[in-house]
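Hello,

Here is the structure for you to take over. My notes follow below it.

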Amino acid sequence: IRRWSNIPFITMPLSRAHGKSFAHRSELKHAKRIVVKLGSAVVTRGDECGLALGRLASIVEQVSMLQNQGREMMIVTSGAVAFGKQRLRHEILLSQSVRQALHSGQSQLKDMAIPVLEARACAAAGQSGLMALYEAMFTQYSICAAQILVTNLDFHDEQKRRNLNGTLHELLRMNIVPIINTNDAVVPPPEPNSDLQGVNVISVKDNDSLAARLAVEMKTDLLIVLSDVEGLFDSPPGSDDAKLIDIFYPGDQQSVTFGTKSRVGMGGMEAKVKAALWALQGGTSVVIANGTHPKISGHVITDIVEGKKVGTFFSEVKPAGPTVEQQGEMARAGGRTLAALQPEQRAEIIYHLADLLTDQREEILLANKKDLEEAENKGRLALPLLKRLSLSTSKLNSLAIGLRQIAASSQDSVGRVIRRTRIAKDLDLEQVTVPIGVLLVIFESRPDCLPQVSALAIASGNGLLLKGGKEAAHSNQILHHLTQEALSIHGVKDAVQLVNTREEVEDLCRLDKLIDLIIPRGSSQLVRNIQKAAKGIPVMGHSEGICHVYVDTDASVEKVTRIIRDSKCEYPAACNALETLLIHRDLLRTPLFDQIIDMLRVEQVKIHAGPKFASYLTFSPSEVKSLRTEYGDLECCIEVVDSVQEAVEHIHKYGSSHTDVIITENEKTAEFFLQHVDSACVFWNASTRFSDGYRFGLGAEVGISTSRIHARGPVGIEGLLTTKWLLRGDNHVVSDFSEHGSMKYLHESLPLPQRNTN
């Protein structure tokens, strides 16, 4: 713990040998010394007269947070001219109004002409006020700030350079944030041909070049350049084909077309890129990002330091494979080609993949063994997750059977006509099924998910991006290789992509231009995180699997223990496993109740008592902390209800709308339960474990959805399709159907074409 101004704060163990920039965004969290460059467009208001106080306060808060983590923060700021312009305008208006009042007896401000203000005078008037504002803001976080004004000459004179370097190091040592600006009150106009002249020389002609020079001079780890655009685009922002460049490499300049500079300030994006490349060459990592966007400016600096995908990251290390953006585009193009294949061709790909799973089982199991050994050695995975990670011969055989079911049922999935309407004579409308587009499936510890989801995407003609957990890297790699081998028989290898880059899940969820639907497969925490992180992309799935079994008074003794055992003990880590057992009050202290308890004890299921159940017992099991608990292990909660109506109310209050079961021989009670429980799957006298795409005859599933829009329950091929409308006419125009037109609407339903049921 360090102290400054009597305020303690925690320091981070940050250390790095300077000389080489970071290769990946994920490494930015190790940055110790950071320069934040604030462009004129960030610091000033839209009217270019005065400061954007809200943005500035947010930036100071973020810089203070990082400083209090033990990092060494420096700010290169613009804004003196704008602040001075505001002050001088105010003074001129005030003096003019006084003079006018003396001459005419009244103030006519609307007729006053404001003279053009010289920039150096504005800077001289604004520098002290700008610094006073920074000091007042940093004081709120018990941080001291110091002002340093520099010119180009300070870097060319060796003695001045050493003095500047020494001053900055001393300020950083004392935990003071240096605020640096060009001394615009005395600085000469920039020379037109004086620019970046190699790794050792840079002309300080604007704050971009100043920040780059300072970053290299001070051996800074990271330079953050904030402007009024999201980052570097391959063509001027706002043009139709402009794409944000996620990572920019030296030598990529020829692929970029630069536009005009920002509304204020000396430099444009071209100047920023040149300065960034110069800093990168000197060993400093650089990110150019938007500091003005109201939705992200409040956390843009901290997001960059955390390694999130913000702005353009400059790197000297090119990845071996394609970027995730390129993979998304490949999946889109491959998916469209896949959708254009004949149904028999898509089925042939899936059949071939099923064969490969059994033919190459030894290689698959060997790769899976590596994953299991690494997971056990690191000790990071709980036993339920280790079970999910494990593959076996029987699992692979089941997978192959499921894939063949998908292939057989996919013959008329894409392009199926589901509605035909004759709008008018020779004007026919059809609604047909089409793929959703590009799916992003994120899954944890379940390599068997990869071929299942791939087969469903192939059958439905969707492009697919797969992001698996690190714990299953070897298994996922070989399964993806086999998937692409199967796709290659019809030239659509790129339709299924495995994301192997260091992309964080949160960053993937922001690719709304590339991804049409996100499907998370994993823990409830993973699903919640993705639902929170997804920006403009729908998420299909469930965050929890709190499944109930209600034992009614008319339940069969023979069925009860079998169904409960299967629901809880067959695979307790599954999302469709029993978590809460509801018992009718009249069954307490009966032989049936005793049989249930004895069976759970034999199966070593830990029992938690609900509040009402605990009140009936003298010595009860541990009382449950929450009735909304998904145990995912050999544990369950038992609670008592007075009726089927109360069971339904309990499920609605504490359940997750996943799968709920009633065990009874009373058909009327069962039908009441089936009709009133509002869950994706509701069963009568059957195990919760039947809630599964394979067991439903779907072949496999991409997941179980508890949402109420589009797809619900186990989601197979049908859930990965949407529709489009096809209208076939012959010189039809809407004006012909007006009151005095020659045509009338018919809106006749037409018979659907015969479906292929083979």
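This is a predicted model: local features need pLDDT of at least 70, side-chain atom pairs count only at pLDDT 80 or more; totals for chains, interfaces and linings use all residues.

Is Asp-221 buried or exposed? Its relative accessible area is 4%. The cut-off for buried is under 20%, so Asp-221 counts as buried.

Lys-219 is exposed, however, and has a relative accessible area of 54%. The cut-off for exposed is over 50%. Lys-219 and Arg-33 are 186 residues apart along the chain. Their C-alpha atoms are separated by 8.0 Å.

Next, strand β18, which covers residues 578-584. How many of the seven residues of β18 are buried? Seven of the seven are, so β18 is largely enclosed by the rest of the structure.

β18 pairs with β17 (residues 547-551). The two strands run parallel and are joined by five bridges. Within this pairing, Tyr-550 has Leu-582 of β18 as its bridge partner. What does the chain pass through between β17 and β18? It goes through helix α19 (residues 557-569). This β-α-β crossover is right-handed.

β18 also pairs with strand β20 (residues 635-641). That pairing is parallel, with five bridges. Here His-584 stands opposite Val-641 of β20.

Last, the empty space inside. Rolling a probe the size of a water molecule over the atoms shows where such space is left. The count is one cavity of 30 Å³ or more. The volume of the largest cavity is about 60 Å³. Which elements give two or more residues to its lining? They are α4 (119-139), β5 (145-150) and β6 (177-182).

These residues line the largest cavity:

- Thr-77, Gln-127, Leu-130 and Met-131
- Gln-147, Ile-148 and Leu-149
- Ile-179, Ile-180 and Asn-181

By type, the lining has six nonpolar residues, four polar and no charged.

Then follow β17 through α19 to β18. Finish at the lining of the largest cavity, with Thr-77 and Asn-181 among its residues.

Best wishes

Terms used. Residues are numbered from 1 along each chain as its sequence is written. Side-chain values use heavy atoms; hydrogens and water are left out. On a 1 Å grid over the protein atoms alone, a cavity is a set of points where a 1.4 Å probe fits but cannot get out, and a pocket is an open set with protein on both sides within 12 Å along at least five of seven lines; lining residues have an atom within 4 Å of a point. Grid points are joined across faces, edges and corners, and a volume is the space filled by probe spheres set on the points. Helices (H or I, at least four residues) and strands (E, at least two) are DSSP runs, numbered from the N terminus. Ala, Val, Leu, Ile, Met, Phe, Trp, Tyr, Cys and Pro count as nonpolar, Asp, Glu, Lys and Arg as charged, and the others, Gly among them, as polar. Buried means under 20% relative accessible area, exposed over 50%, partly exposed in between (1.4 Å probe, protein chains only). Two strands pair if DSSP finds at least two bridges between them. A crossover is right-handed if, with the strands pointing away from the viewer, the path from the first strand over the helix to the second runs clockwise.
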